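Here's a quick briefing to read alongside the sequence and the 3D view. Take a look at the picture, then work through the points below.

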Amino acid sequence: MSRELDCSIRAVVFDMDDTLYDEMTFVQSGFRSVAQYLSTRFNLDKEKVYQDMLRHLKFYGRGEIFDSVLKNYGIYTPQLVEELVETYRVHTPEISLYPDVVETLEKLRAMKLKIGIITDGLHSVQKKKVSTLKLQNYVDFIIYTNELGPNCEKPHPASFLHAIGMLNLKPKNILYVGNNPEKDISGANSVGMQSFHLCRGDYTCNGSCNARFHAKSLKTLFDIVILK
């Protein structure tokens with residue numbers, strides 16, 4: 001959907017997970033590290049343990065995956081679950097940016113626009129992702145909602161207001177790009193930012209959310225939004 005803005009955009013702020021890279025690749029990377037840990041310590045089949053975790057995720061979601069797998073192998077202890085959680089969190093992820101991301105960020109930089117990221121999640125884990133993806137080389141700032149205080153994850157306005165303050169711009173001159181209508185789009189709209197729903201991950205581009213713009217690729221960003 002294309003709707004021309006009645007004001008210029010001077011900064012673009014992005015969500016990270018499932019907007020700039022595929023978050024499932026991080027999950028898979030973490031599971032492989034956990035499977036390697038269990039294989040080394042208990043002489044288990046690494047690939048089978050990995051597939052067991054993926055199967056649990058598919059059918060039951062993210063809750064208690066490690067608990068379930070450990071119980072299946074008869075080695076469950078609360079302490080071991082904590083060790084696996086830590087292994088997952090500290091592993092060096094094998095992830096990469098979506099194909100359209102670097103070109104987009106470089107083009108925005110060439111246009112002299114400010115660029116930022118707002119991301120939920122444990123800050124230590126998110127910082128590992130940023131480092132692996134080398135996003136610090138492309139943006140002016142990164143806001144980790146986990147560092148702003150309890151219950152400040154999106155759509156809480158704290159991170160969006162913090163971005164507005166850092167940019168020293170009017171909200172209407174800031175475009176926020178994210179894939180989650182409930183967290184990204186609602187949060188950006190609540191503070192008066194322009195919102196761009198990037199339909200990636202679990203969210204389809206059916207125009208049902210309240211984003212000003214909807215698209216399936218960042219490449220369309222320059223076609224449907226006036227950036228200057």
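This is a predicted model: local features need pLDDT of at least 70, side-chain atom pairs count only at pLDDT 80 or more; totals for chains, interfaces and linings use all residues.

Residues are numbered from 1 along each chain as its sequence is written, and side-chain values use heavy atoms, with hydrogens and water left out.

**Helix 1 against helix 4**

- Helices here are DSSP runs (H or I, at least four residues), numbered from the N terminus.
- The axes of helix 1 (residues 23-42) and helix 4 come within 8 Å and cross at roughly 135°; axes are lines fitted to C-alpha atoms over the stretch in contact, and angles run from 0 to 180 degrees between N-to-C directions.
- That angle makes helix 1 oblique to helix 4; under 35 degrees counts as roughly parallel, over 145 as roughly antiparallel, 65 to 115 as roughly perpendicular, and the rest as oblique.
- Helix 1 brings residues including Phe 26, Gly 30, Tyr 37 and Arg 41 to the contact, and helix 4 brings Leu 80, Glu 83, Leu 84, Thr 87 and Tyr 88; contact means heavy atoms within 4.5 Å.
- Sorted by class, the residues of this contact of helix 1 with helix 4 are 10 nonpolar, 3 polar and 2 charged. Ala, Val, Leu, Ile, Met, Phe, Trp, Tyr, Cys and Pro count as nonpolar, Asp, Glu, Lys and Arg as charged, and the others, Gly among them, as polar.

**Helix 3 and its partners**

- Helix 3 (residues 65-72) and helix 4 (residues 78-90) have axes that come within 10 Å and cross at roughly 125°, so helix 3 is oblique to helix 4.
- Helix 3 passes helix 4 in a right-handed crossing, using Phe 66, Asp 67 and Leu 70 against Leu 80, Val 81, Leu 84, Val 85 and Tyr 88 of helix 4.
- The contact of helix 3 with helix 4 counts 7 nonpolar residues, no polar ones and 1 charged.
- On to helix 2 (residues 46-60): its axis and that of helix 3 come within 10 Å and cross at roughly 130°, so these two helices are oblique to each other.
- Helix 2 passes helix 3 in a right-handed crossing. Val 49, Asp 52, Met 53, His 56 and Leu 57 of helix 2 meet Ile 65, Phe 66, Ser 68 and Val 69 of helix 3.
- That contact of helix 2 with helix 3 has 6 nonpolar, 2 polar and 1 charged residues.

**Cysteines**

- How many disulfides does a search of the whole structure find? The count is 0, where a disulfide is a pair of cysteine sulfur atoms within 2.5 Å.
- Cys 152 is buried, with a relative accessible area of 10%, and Cys 199 is buried too, at 12%. Buried means under 20% relative accessible area, exposed over 50%, and partly exposed in between (1.4 Å probe, protein chains only).

- Leu 167 sits in helix 7 (residues 158-167) and counts as buried, because its relative accessibility is 12%.
- Leaving aside neighbours within four places in sequence, Leu 167 is in contact with Ala 11, Val 13, Lys 114, Phe 141 and Ile 174.
- Leu 167 and Phe 141 are 26 residues apart along the chain, with their C-alpha atoms separated by 9.4 Å.
- Glu 106, in helix 5 (residues 101-110), counts as partly exposed at 46% relative accessibility.
- C-alpha to C-alpha, Glu 106 and Val 139 are 9.6 Å apart in space and 33 residues apart in sequence.

Technical notes
A crossing is left-handed if the near helix is turned anticlockwise from the far one by less than a right angle, and right-handed if clockwise.
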